[in-house]
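Please open the model in your viewer and keep the selection panel at hand.

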Amino acid sequence: MLEHVYLIALIPLAASLVILFGFKENPRSRAPYLGIAAMLWCFLQSCAVFHRVAASALPLSYEANMEWFRLPVQIAGKAFALPLQLGVLIDGPAALMLCVVTLVSLMVQIYSLGYMHGDPRLRRYYAFLSFFTASMLGLVVSSDLLVTFMCWELVGVSSYLLIGFWFEKPGPAYASKKAFITTKLGDCGLYVALLLLFTKTGTFQISALRESVAHGYLAGAAATAVALGMLLGCIGKSAQWPLFIWLPDAMEGPTPVSALIHAATMVAAGIYLVARTYFIYLASPVALETAAWIGLITAFLAATMAIVAYDIKRVLAFSTISQLGFMMCALGAGGYAAGLFHLTTHAFFKSLLFLGAGSVIHAVHTNDMRRMGGLSKKMPITFVTMVLATLAIAGVPPFAGYFSKELILKAVYQHSPAMFFLLAAAALLTAFYMTRLIMLTFLGAPREEELHQHAHESPASMTGPMMLLASLAVVSGMALAHAGFIERLLPLSAAAPAEELAAREFPEWLGAGVSVLGALSIVLGFLLYRGPAFETAKALKRRFSGLFELLENRYGFDAFFLRLVEAADALSRFCFWFDSQVVDRVFVDGWGLLTLIWAEAAQLVDSRLIDRTVDGFGLLSLDLGGGLRALVRDGQVQEYLMYVAIVVSLFAALLLMR
Amino acid sequence: MTLSSCLLLSGALFLIGIFGALTRRNVIGILMGIELMFNAANLNLAAFNHFLHPGGVAGQCLALFIIAIAAAEVVVGLALVLAINRNADTVYVEEFNLLKG
């Protein structure tokens, strides 16, 4: 099984190509079943791979490469051909990610059968879904950072295609563009980092890079530069502060796609890349600290923004940003296993939350939570699964989120207590806004009778995946954390910060306190948003309208980036004006005019002065000849002879006088 | 007798010849002037040969050739004179303007 692990990435790719070129566009197309079958195969194979990796006593690391091409380079004037590899590297994180990605993708594809039922571009949708998953799986298994980068960009392209799936509407078209360009901004950093990495070590291969770092070939400022550049790419991809602006807008895509983006294929890529190249970060404490702080800021800011959003999907989007901040912070603080563990559990409950939100939107045809309310009786399965996911994300024991979040908080506390308190506050906010979401959507009295009347439970193809994911959201944390399994599966590659980690003991009461406070914030959310019109919350909003406005404007980051874009636009307009008016007019046209004038002048001098002079000499000799001839009487031989004699004697006189 | 006296004699002879060729109206006179110039040249050749290469004969040979050529030339010249005389019924050169261009 492990020998053919490359199939996991190639089968969805083949499926997407077959769907794209082998099927006709048709709302009743059978293309979805091909995509689902391919994904099922990948899921089963991933499970087998995971079993192999998990069953091995030592942390297993399987690597297989084939030479792709040789890159001719010149080092110190000598020509070398550095081989670039195409291969797979399977270790603990990769096996875990394979399972998560294939499972979520499988669930999303099955769910889409119901959600996208009757869409006129079903074939296109499934082709893109498969392609998206294939790119992500390629990123997960690749043993070479260059291939990883290619897959990384393919993930970006697929997300662009899927966010803008309903491209005939202006919103999705704008959102897809925004997502693509914003993530590209981060990718610039990643690209530069990869170039720097290659110039420093001469290889893109992860295992070789690990050895280079271990031998100290990449250290100090170079390691920091590489790590920070990569971090910039991850900030863009994983929607961290300050590049998180694209993720809330990405909600314009179909909801299952949002689930895929948020749980498995897009934003996970950034965290995964940090984990994959963690040894480089370990060589640079500055980069680790930066990652921790960026994660912390993101976790806190996004959580506060989620409190005021009324669009059900946007609340979830801010929640994702916040949770990704948790993971980034954990990785930065040295909690390698904690970050990846949270990535896994988060994938389960966040995809479930999105699928649930999709189910709600499917039922009431609106995203606005103010128009929902009281849906729990109409949609019992959706309600129960969403509540389970909410408990999981809020960190209530013994649900999945509790285990991973506690690991993260522990790691962060050991790194710095100040960061711990801010992060704990973000965790409490998480519990609060998720309670708010449940209250507004499912509980209380229906606020719009007509929408409520038409609401109905979703078909089995949608509820089935939700139930499966709900069971995982409940048990996955417990199962993975059982007997330290996750730490054994995800061993820290280097022991560098281990001593530092052991320095500070995490007090038990702190963890319990966070749990109690989390429960309290759930109660608070329950109290504030009780009743059909949630009067208490509205009064609070009136009281602190300034703060709410700031939060609703997302701290002005969108406006800031918009102004940045406008400034760039104005600058390019000015450059265009300068080019067309100043450079073209003054320099190009002016130079031409000058040449013209010069040429006219030269022509004048040529025709008047030089030509006339030449003509004048001709005329002069003509006149001279004519005048001389007139002197001579015609036909007199003796006269000719006399002239000859005179001239000869003149010459003779000249010769003699010399 | 020295080289310079010989050269003076031949120069005088040449000038007399050219004076005759330029001033005579009669074609026969012009031809005679030309003959005098020939002979001045011959005298030069013989004198240079005698004084500068006493043992050599190249100058005298050349002079002999020139005498022969001068005789041939006179034959041609007299034939031209006769032809002109027959056509124009005159021997005075100012009345010949056939060469006028």
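This is a predicted model: local features need pLDDT of at least 70, side-chain atom pairs count only at pLDDT 80 or more; totals for chains, interfaces and linings use all residues.

pLDDT is the predictor's confidence in each residue, on a scale from 0 to 100.

Select chain B. Its mean pLDDT is 88, and 96% of its residues reach 70 or more. Within chain B, helix H1 (residues 3-23) has the highest mean among the elements, 92, whereas helix H3 (residues 58-88) has the lowest, 90. For the complex, the predictor gives an ipTM of 0.82 and a pTM of 0.73.

Next, select residues 380-394 of chain A, which form helix H16. The end C-alpha atoms of this helix are 21 Å apart, in agreement with the 21 Å that its 15 residues should span at 1.5 Å a residue. Which residues of H16(A) are buried? Among them are Thr382(A), Phe383(A), Met386(A), Ala389(A) and Ile393(A). To see what covers the buried residues of H16(A), display helices of chain A including H14 (312-332), H15 (336-364), H17 (400-415) and H18 (417-441). The cover also includes H20 (460-481) and H23 (508-528) of chain A. Then step to Gly395(A), which follows H16(A) and has a positive phi, near 80°.

Finally, move to helix H27 (residues 637-657) of chain A and select Tyr640(A), which lies in it. Is Tyr640(A) buried, partly exposed or exposed? Tyr640(A) counts as partly exposed because its relative accessibility is 34%, between the limits of 20% and 50%.

Terms used. Residues are numbered from 1 along each chain as its sequence is written. Chains are lettered from A and ligands numbered from 1 in the order in which they are written. Side-chain values use heavy atoms; hydrogens and water are left out. Helices (H or I, at least four residues) and strands (E, at least two) are DSSP runs, numbered from the N terminus. Buried means under 20% relative accessible area, exposed over 50%, partly exposed in between (1.4 Å probe, protein chains only). The expected span of a helix is 1.5 Å times one less than its number of residues. Contact means heavy atoms within 4.5 Å.
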